[in-house]
Amino acid sequence: MKRIVILGSTGSIGTSALEVIRVFPREFEVVGLSCHENVGLLRKQIALFKPEAVCITEPQSYRQFLSQTTKTGVKVLSGEEGLSLLAAWENVDIVLNGLVGAVGLKPTLAAIELGRRIALANKETLVMAGDLINQSARARGAEVLPVDSEHSAIWQCLRTGGKKEIKSLIITASGGPFHGQPELNLEKVSRKEALAHPTWYMGRKISVDSATLMNKGLEVIEAHWLFGVPPEKIRVVIHPQSIVHSLVEFVDNSVMAQMSLPDMKLPISYALFYPERKPLSDDSFNLTKIAALSFLEPDFRRFPCLNLAYEALRSGGTAPAVLNAANEVAVFGFLEEKVKFTRIPEVIREVLSKHQVKSSPQVEEIFEADAWARGRAEALLEQKSR
Ligand code: MG
C-alpha cells in the first residue's frame, strides 16, 4: 500500500488521479488532499478517501469550510504553508503535485527534501527552478516523474534508447483555438474565443496559454530540465488530433512516438505505478477510426510566445521565472479584458528585456525575480494597450 498526497485534488489532474486510485483501492492510501476554494468537492473527496489531512489555500474558503464542518478527525491546514506541510506529511511515498502556478514550487521542494517520489504536473516547478530542483533531487535521492502528457510520452519513448542516443525531442501541440486560421485578426479575438471551454479560473489560464502557444513554450523548458536535452534539440510540431503525445528521434534516425487516445489518466497512472503499467479501461485504440494524423510547423510569427520561451531558456538563470510571471499577469489582464490578446507576448517581451538575469539562483532569488516581473508586468498593463 502506497501512501499518497494529492495537491490540487479538486482540479483536473487531481480528480483524474483520484479516478485512477479508485480503480486500484488496494494499492493506495490517500493521506492528504488540497484545494484552493472548491470546498464542496473537497468535502466529497474526504468522505470517499478519508485522508489524514487536507489543506485549503484560499482564506475565505478555509474559514467557510471550518464553520460548516463538524468533527471529522481530519486535520485541516490552510494557506501555502499548509501545502508544504502536506507534501512533507509523515510516511508519505508519493506526492502528486497538480497545483497550478508558482505556488507549486515550495511543496515540490519540501517533498524533495524528504527524498520522495514526486509525480509532477505543476509546470511552474521546473520552469521557475529546474536547475535547483534537479540538484536537490539528486542530492536527496528524490524522483521527479512527469505527469504532463507530452513529457510522459517522451519518458515512455526513452525506454527504447539511452539519453546519449537522443537526437531530438519533438513535442506535439494541439495548436489551440486559433491554429489554422491565418486570416483571423488576433488583435480582435475576444476572451470567449480564446477559451475553448471556459471552466474554472486556473483552467482558463491554461486555455489562454494554449491559444498563445505559451503552454508549449513552458513545456519546452520543462523538457529541457526533465531530460537534460539542450533547447536546440527540442522541437515543437502542431498535431491537431492529439493522438501522438510526443516523440523522440534517436541518433540512428529512428523515431519513437507514444500514441493513445487523449486521457490524462494514462500519464498519471504511468507516473504513480512506474515502472509498471496497469490496465486502465476497456477503451481500445482503433487506428482505422483515427484514420489520419497530421503534423504542421507552428507559426512563430503569429504566436511569438513560443520563441520568447526558447529565448528565456537560453538566457537561463532567473529568465524563465520572469517569463512565467509576466505571462501569468498578462494572461489575467487579458481575461479581465484590460488588454488585447496580442498584447500578451508584448508585455512578456518588455519585462524580459528589462530583466537582469541572475544565474544559478537560489529559491529566494527566484521568488524575488518572480515578484519583480509581476510588478513590472502589472505596470505595463496599466498603460494604455497599444
Ligand atoms: Mg501538456
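1. Strand S1 (residues 2–7) and S2 run parallel and are joined by five bridges; strands here are DSSP E runs of at least two residues, numbered from the N terminus, and two of them pair if DSSP finds at least two bridges between them. Within this pair, Arg3 sits opposite Glu29 in S2.

2. A quick word on the source: this is a predicted model, where local features need pLDDT of at least 70, side-chain atom pairs count only at pLDDT 80 or more, and totals for chains, interfaces and linings use all residues. Residues are numbered from 1 along each chain as its sequence is written, and side-chain values use heavy atoms, with hydrogens and water left out.

3. Back to S2 (residues 28–35): seven of its eight residues are buried, so the strand is largely enclosed by the rest of the structure. Buried means under 20% relative accessible area, exposed over 50%, and partly exposed in between (1.4 Å probe, protein chains only).

4. Now look at the open sheet of four strands, ordered S9-S8-S10-S11 with mixed pairing. Strand S9 (234–238) and S11 are at the edges with a single partner strand each, so one side of each has no neighbour in the sheet.

5. S10 (residues 244–250) pairs with S11 in the antiparallel sense over five bridges. Ser246 is opposite Gln258 in S11.

6. S11 (residues 255–259) also holds Met259, which is partly exposed at a relative accessible area of 38%.
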